[in-house]
Amino acid sequence: MKFNTKTIHGGQQHEEATGSVMPPIFQTSTYAQSSPGVNKGYEYSRAANPTRTALEKAFASLENGTHGFAFSSGLAAIDCVLRTLNSGDEVIAGDDIYGGTYRMFTNMFEKYGLKFRYVDMNEVGNVIKAISDKTKLIWLETPTNPLMKIADIEEITKAVKAKNTDILVAVDNTFATPYLQRPLDLGVDIVMHSATKYLGGHSDLVMGALMVKDAQLAEELHFIQFAAGAIAGPMDSFLALRGIKTLHLRMQRHCENGKAVAEYLEEHPKVERVFYPGLKNHPNYEVAKKQMNDFGGMVSFRLKDQSKQAALTFLENTKIFTLAESLGGVESLVSHPVTMTHASIPEAERLKIGITDSLIRLSVGVEDIDDLLADLEQALSK
Ligand code: P1T
């Protein structure tokens, strides 16, 4: 199946009892047994629920995996991956990642004896240099949140596996979505999503996803999902399944609008720099072109006026772009990483990589591009 068919049919079946085209919302916690342990494949909804199973099969199909898992949030999905590790193990992560991921790594898991090293993933060599005999996981986010840095997934995975095949490589594919890149095809072990974003696509749910293609790893992740319990509920599973059916259509427009916004901002006299992997001056444009089918709908930029006030003036004056956390829904959002999504990263760390007061992040939605550009124009003129 081609990808545009997979979003609608991949891993999905009509419901057996009635032929219902969409899976029913099985709003139940438990299932009747005819004798202890004798059931119809479901016994308790923390272990499995038919609506969630339908979504998890679709998740696996989207990323060309064999197994998918739906969690109560993106962070719960990351938490599940980290729980495969043991005290003393080391993780190498990119130096620009979602603030909540960084917070979980440093404020939660360091306490349990995991060690995290942050490197600039622009260069494969930086990753390889950081590997020790304790390294068990490479955590890649590409494009990164919020600086839109690109890591070469295939090159990094090849180099890591050449050094030690036991090291797992995981990719947070939230910004790209499987419409733009499918990391399992490039050799990685685990794909993770905040399905809250583009997979759900309508800003109406919070959810996480993991996709894998190794049966043993799938068993381990399923055990943690079941034993720790951070599962997606049936209603949210239904909404996510409905959302992914239009992923390809939405992404096509997100990409068109994202590129138009990036090009507009690049020419604007008040803008110092635009961060978008589809611009030829992006340091990793060639890698992005090789690895991604298009460049997505996330655009960050820095104003020439470096003061926080200049950023706030812009953020308070957009009308169609709603000032809000999150991204990836049909509506355009604008955010201020320093005070919002990346507030939990210490200032010195933020400034080192360029998350400054004047950095603004746009999640470019699927509205008419003329209205979006007019909104940016009027807000920049304040
Ligand atoms: O919010 P949650 O579903 O738990 O997902 C966390 C997460 C993980 N990875 C990436 C790349 C993310 O962007 C996020 C969530 N990000 C935001 C809420 C945000 O506005 O950036």
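**Figure 1. Asn 64, in the loop between α2 and β1 of a predicted model.** Asn 64 is found in the loop that separates helix α2 from strand β1, where helices (H or I, at least four residues) and strands (E, at least two) are DSSP runs numbered from the N terminus. Although Asn 64 is not a glycine, its phi is positive, at about 55 degrees. Most residues other than glycine have a negative phi, and most peptide bonds are trans. With a relative accessible area of 31%, Asn 64 is partly exposed, a class that lies between buried (under 20% relative accessible area) and exposed (over 50%), computed with a 1.4 Å probe on protein chains only. Residues are numbered from 1 along each chain as its sequence is written. Because the model is predicted, local features need pLDDT of at least 70 and side-chain atom pairs count only at pLDDT 80 or more, whereas totals for chains, interfaces and linings use all residues; side-chain values use heavy atoms, with hydrogens and water left out.

**Figure 2. The packing of helix α2 against helix α9.** Helix α2 (residues 50–62) and helix α9 (residues 234–244) pack at an angle of about 35 degrees, and their axes are 8 Å apart; axes are lines fitted to C-alpha atoms, for helices over the stretch in contact, and angles run from 0 to 180 degrees between N-to-C directions. The crossing of α2 past α9 is left-handed, a term used if the near helix is turned anticlockwise from the far one by less than a right angle. On the α2 side, Thr 51, Arg 52, Ala 54, Leu 55, Ala 58 and Leu 62 meet Pro 234, Ser 237, Phe 238, Ala 240, Leu 241 and Ile 244 of α9. The residues of this contact between α2 and α9 divide into 9 nonpolar, 2 polar and 1 charged, where Ala, Val, Leu, Ile, Met, Phe, Trp, Tyr, Cys and Pro count as nonpolar, Asp, Glu, Lys and Arg as charged, and the others, Gly among them, as polar.

**Figure 3. The open sheet of 7 strands, seen around β1 and β7.** The strands of this sheet follow the order β1-β7-β6-β5-β4-β2-β3 with mixed pairing, and two strands pair if DSSP finds at least two bridges between them. Strands β1 (67–71) and β3 (115–119) stand at the edges with a single partner strand each, so one side of each is left without a neighbour in the sheet. From one strand to the next, the twist averages 20 degrees. Strand β1 runs antiparallel to β7 (residues 208–212), to which 5 bridges join it, and Gly 68 stands opposite Met 211 in β7. Helix α2 packs on the sheet, touching β1 and β7, with a direction that makes about 125 degrees with that of β1; contact means heavy atoms within 4.5 Å.

Figure 4. Helix α6 (residues 153–163) lies across β4 (135–141) and β5 (168–172), running at about 160 degrees to β5.

**Figure 5. Leu 279, in the loop between β8 and α11.** Leu 279 is buried, with a relative accessible area of 5%. Leaving aside neighbours within four places in sequence, Leu 279 is in contact with Ala 262, Glu 263, Glu 266, Val 274 and Tyr 285. Lys 259 is 20 residues from Leu 279 in sequence, and their C-alpha atoms are 8.0 Å apart in space.

Figure 6. Strands β9 and β12 pair in the antiparallel sense over 5 bridges, and Ser 300 has Arg 361 in β12 as its bridge partner.
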